[in-house]
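Hi everyone, thanks for coming.

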Amino acid sequence: MLTLKIREGFSLITDRSNNSLIEEVRYLHLSLFGRYPDNRLIDSYCDALSELDLPTAVNQQNLTVEKIIFHKLDAAGIEPWLRKKNKYRHMLSIKLLLIAYLAECDGGHTEFSRNSTNSSLAFFAIAYLSSMSFLRLTRGLFQKLRYGIV
Amino acid sequence: MESFDFVIVGSGPAGIAAARRLQGQSLCMIDVGIRTQERFPYSSLRDALAAGDPKSILGSKWEMLGNLVEPQKIHAKLRHAAIRYVANGTPFTVTDKPGNICLYAAGSHAAGGMSNAWGAQLLRYNDLDIGEAGDWPINATALAPYYLDLEAHIGISGEMDDMREFLGETETLLPPTPISPAAAYLLSKYNARKKQSLISLGRSRLAVITESFRGYAPCDFGEIDFFSTEQDGIYTAYRSLNELRRAGRMEYRAGHEVIAYKETPDFVEITARSIATNETTIIRAKHLLLGCGAIQTARLVLLNNNAIGRKLPFIDHPPTLVPLFIPSMFGSSMPDRSYPVQLIATLKQATHRDMISIYYPGALLFSDLLPDIPLPMNTALKLLPNLLGGMLVAQIWEKSRPHKDNCLQLDQSGAIRIDYPRREPYPRLALLLRELRRFGVYSHRRLASMSPPGWGFHYAGCLPMRDHPNRFETHIDGRLWNRMRVRAIDGSVLPSLPAKNHSLTLMANAARIANEALNCGY
């Protein structure tokens with residue numbers, strides 16, 4: 001059993017089994033990168049979550065993440081609708097962002113390459129990705145409303 | 001009891017500038033003076049990312065993820081374990097509206113002070129800057145010889161280009177730092193069309209040496225500014241501290257914090273507390289120079305005058321940030337090696353000498369940028385490599401003046417509390433963006449964000465110098481209003497802030513005040 005550290009002042013404890021954490025990181029990584037993570041990233045994810053000072057009072061948000069995984073919803077498409085302007089990020093944003101940081105630093109994710117892309121194709125890439133974003137955002141909003149995700 | 005002619009408190013930029021002026025005298029510097037044991041093991045961010053070692057980048061306890069839950073919990077530049085030590089001194093809070101603390105921060109107990117984390121833009125003020133900011137009892141001429149001396153000591157890179165009127169004439173510049181293709185594009189477009197432009201644009205003046213200088217190796221531009229305080233070629237006050245210590249030009253008393261002082265007609269008795277043992281010692285000096293940083297110097301003066309609850313003016317310089325996009329550079333390569341500050345600009349308006357620093361975000365991780373892109377993270381990740389080659393960030397500074405509502409005080413427990421409710425949006429943003437469009441650079445007002453108060457790190461104005469100081473103000477020679485032998489030498493004495501970064505000026509002013517102390521005749 002892995003016990004997440006609880007920040008003082010927050011009341012709710014979340015004990016999660018390693019299996020559910022592994023399932024979580026695998027699903028969220030798939031949503032971000034279209035493939036499953038390697039074991040090293042999974043270990044880093046579990047380690048980081050146990051070290052970080054997570055506000056587990058937002059248990060509803062943990063349930064949201066679980067619901068997204070259970071129903072195999074579009075986590076990346078839903079996340080922008082849950083982004084917060086206030087003091088704390090939503091738990092889904094936190095977890096996706098954590099995976100992004102770990103992936104960027106593991107040396108194996110070419111998505112973070114700093115080498116040049118084909119500049120003549122950059123416009124087309126940006127236009128294509130923007131339209132894909134629109135579709136993902138639309139799908140994310142639809143799923144958020146349909147499944148009552150908050 | 002030990003006795004010195006001069007005691008300086010703090011080894012930050014102000015303390016070091018004063019110490020250089022007083023070196024060889026009977027001089028002691030009292031400083032907490034910590035350094036970190038953490039080391040960033042790579043000389044460039046690219047090498048670090050390629051190594052596939054997340055903990056070396058993100059920290060053994062994931063310190064770089066300190067903002068994962070609360071985006072504004074810690075300044076982006078102070079996250080890494082190898083940098084955090086820079087701001088782990090006496091804590092303070094900044095409140096931007098009643099009940100809302102927008103910054104939990106701390107003073108610096110680091111040897112070299114906050115210069116360990118500065119952006120290294122060292123800029124002179126001229127009389128137009130000082131006149132626009134207002135309330136200064138001295139003019140730029142009084143600082144001129146100290147600017148020259150410091151620049152010769154530090155080594156400043158830059159170029160005598162269109163920004164010479166804004167930044168000042170000098171003949172001793174080192175070659176400028178390399179710039180990204182996007183910044184080079186902007187500069188070339190500006191040079192082709194500048195006659196009709198309402199802005200001036202050019203290279204900044206940086207305390208970054210680009211060729212061997214006084215025995216120091218040049219910077220290798222590894223873009224590790226967010227991961228290490230120890231980069232070859234980037235000047236910090238710590239370098240001068242080491243020089244002074246090695247040459248035996250002063251006594252350096254590390255591990256001590258000054259907690260009180262008492263002036264008599266002939267000397268000052270300084271009470272210092274050992275950080276390790278909590279024991280106090282008393283040191284006697286003819287002159288005491290307080291250079292702990294604006295906030296901590298103000299705290300010490302308030303405590304020493306039993307002035308709990310007394311409000312002092314407080315000035316910060318929270319900048320406005322705007323992403324800039326150069327579509328014709330989308331997809332172009334990101335430089336292998338670069339320095340964050342690329343260019344500097346100002347509006348050609350004598351009454352609004354705003355400073356626009358133009359940065360390249362290559363020293364940030366891509367993941368740092370994801371939350372600011374209003375798209376799904378997976379597509380944002382694919383967009384970034386296409387966008388970043390054609391992206392810059394403008395950091396806009398304008399003059400900052402004291403306001404009665406923006407103040408610093410100590411609460412009943414002695415904790416520092418800063419209220420900063422008065423902060424206006426940058427009023428000339430539309431004009432600036434319109435001018436940049438002439439050069440193929442695009443953005444939108446809605447993309448601009450204001451840094452919260454306290455995040456500017458250019459603190460000043462708590463003990464402003466005046467011709468005829470009142471309580472909690474200082475004389476032109478740095479003396480506290482009611483003291484002959486105790487002087488404030490740091491940013492606390494600057495009565496207002498022009499748009500420019502104040503680092504070089506507070507150093508020059510500290511050297512000037514040290515010179516006054518040296519020649520005061522008692």
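I'm going to talk about how chain A and chain B meet. Keep in mind that what you see is a predicted model.

Let's start with the whole interface. On the chain B side, 48 residues are in contact with 51 residues of chain A. Between them the two chains bury about 4,400 Å², and 64% of that lies on carbon and sulfur atoms. So who supplies that area on chain B? B:Leu68, B:Val69 and B:Met377 give 16% of what chain B buries against chain A, more than any other three residues.

Now, how many salt bridges are there between the chains? The count is 1. A:Asp47 pairs with B:Lys55, with their closest N and O atoms 2.8 Å apart.

Next, zoom in on one pair of helices. On chain A, look for α6, residues 119-146, and on chain B, α12, residues 377-388. Their axes come within 10 Å and cross at roughly 165°. Anything over 145 counts as roughly antiparallel, and therefore that's how α6(A) and α12(B) run relative to each other. As for handedness, α6(A) passes α12(B) in a left-handed crossing.

Which residues do the touching? From α6(A) we have A:Ala122, A:Ala125, A:Ile126, A:Leu129, A:Met132, A:Ser133 and A:Arg136. They meet B:Asn378, B:Thr379, B:Lys382, B:Leu383, B:Asn386 and B:Leu387 in α12(B). Sort the residues of that contact by type and you get 7 nonpolar, 4 polar and 2 charged.

Technical notes. Residues are numbered from 1 along each chain as its sequence is written. Chains are lettered from A and ligands numbered from 1 in the order in which they are written. This is a predicted model: local features need pLDDT of at least 70, side-chain atom pairs count only at pLDDT 80 or more; totals for chains, interfaces and linings use all residues. Side-chain values use heavy atoms; hydrogens and water are left out. Axes are lines fitted to C-alpha atoms, for helices over the stretch in contact, and angles run from 0 to 180 degrees between N-to-C directions. Helices (H or I, at least four residues) and strands (E, at least two) are DSSP runs, numbered from the N terminus. Angles under 35 degrees count as roughly parallel, over 145 as roughly antiparallel, 65 to 115 as roughly perpendicular and the rest as oblique. A crossing is left-handed if the near helix is turned anticlockwise from the far one by less than a right angle, and right-handed if clockwise. Contact means heavy atoms within 4.5 Å. Ala, Val, Leu, Ile, Met, Phe, Trp, Tyr, Cys and Pro count as nonpolar, Asp, Glu, Lys and Arg as charged, and the others, Gly among them, as polar. Buried area is the accessible area (1.4 Å probe) that two parts lose on being put together, summed over both. A salt bridge is a side-chain nitrogen of Lys or Arg within 4 Å of a carboxyl oxygen of Asp or Glu.
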